[in-house]
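Please look over the sequence and the model shown below before reading on.

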Amino acid sequence: MSVLTVTKTRLANGQWEGVITDVPDGIRPGVAVRFRDKPLDDVTVSPAGNGDWRLSFAIPVNAICDGIQTITIVEAKTGDVLNSAAIIAGETADETMQAEIDLLRAELDMLKRAFRRHCVETA
């Protein structure tokens, strides 16, 4: 499990910016940014003072398409996910989100039934 913490500060003009904290003293944080399991090239990690580091990268153009696309920020050595950015676009975005909500509702209903059955059986 990673000790690093990555917090988004803003997303503007296609540039994701954040802060890396909890970095051991004197060590440059090893992070990688991945999209579709491939590393992004233009990732900048620079000192921000007080032991924190700035992280920024450009959102790749091919990440802007129909559906939900996820960019993950991972610790380079372990592959632990530190943060992520989701881009939702296109006509199918509404359908995709609605399908996810419907699935979550169905799972919640199933859990409620199981919990009620358990309460009746153990009472």
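This is a predicted model, in which local features need pLDDT of at least 70 and side-chain atom pairs count only at pLDDT 80 or more, while totals for chains, interfaces and linings use all residues. Residues are numbered from 1 along each chain as its sequence is written, and side-chain values use heavy atoms, with hydrogens and water left out.

**The hairpin of strands 7 and 8**
- In the hairpin of strand 7 and strand 8, five residues lie between the strands, and Gly 79 takes a positive phi near 80°; strands here are DSSP runs of E with at least two residues, numbered from the N terminus.
- Strand 7 (residues 67-75) pairs with strand 8 (residues 81-89) in the antiparallel sense over eight bridges, where pairing requires that DSSP finds at least two bridges between two strands.
- Ile 73 stands opposite Asn 83, which belongs to strand 8.

- Four strands make up an open sheet in the order 4-3-7-8, with antiparallel pairing.
- Strand 4 (38-39) and strand 8 stand at the edges with a single partner strand each, so one side of each is left without a neighbour in the sheet.
- Strand 3 is joined to strand 7 by five antiparallel bridges, and strand 3 also pairs with strand 4 in the antiparallel sense over two bridges.
- Arg 34 has Thr 72 as its bridge partner in strand 7 and Pro 39 as its bridge partner in strand 4.
- The hairpin of strand 3 and strand 4 has two residues between the strands, and Arg 36 takes a positive phi near 55° there.

**The nonpolar core**
- The largest nonpolar core has 20 residues, of which Trp 16, Ile 20, Leu 55, Phe 57 and Ile 71 touch the most other members; such a core is a set of buried Ala, Val, Leu, Ile, Met, Phe, Trp, Tyr and Cys residues joined through side-chain atoms within 4.5 Å.
- Strand 2 (15-21), strand 3 (31-35), strand 6 (52-58), strand 7 and strand 8 each supply at least two residues of this core.

- Ile 88 is found in strand 8, and Ile 88 counts as partly exposed because its relative accessibility is 45%.

Definitions and conventions: Buried < 20%, exposed > 50% of the residue type's maximum accessible area, 1.4 Å probe, protein only.
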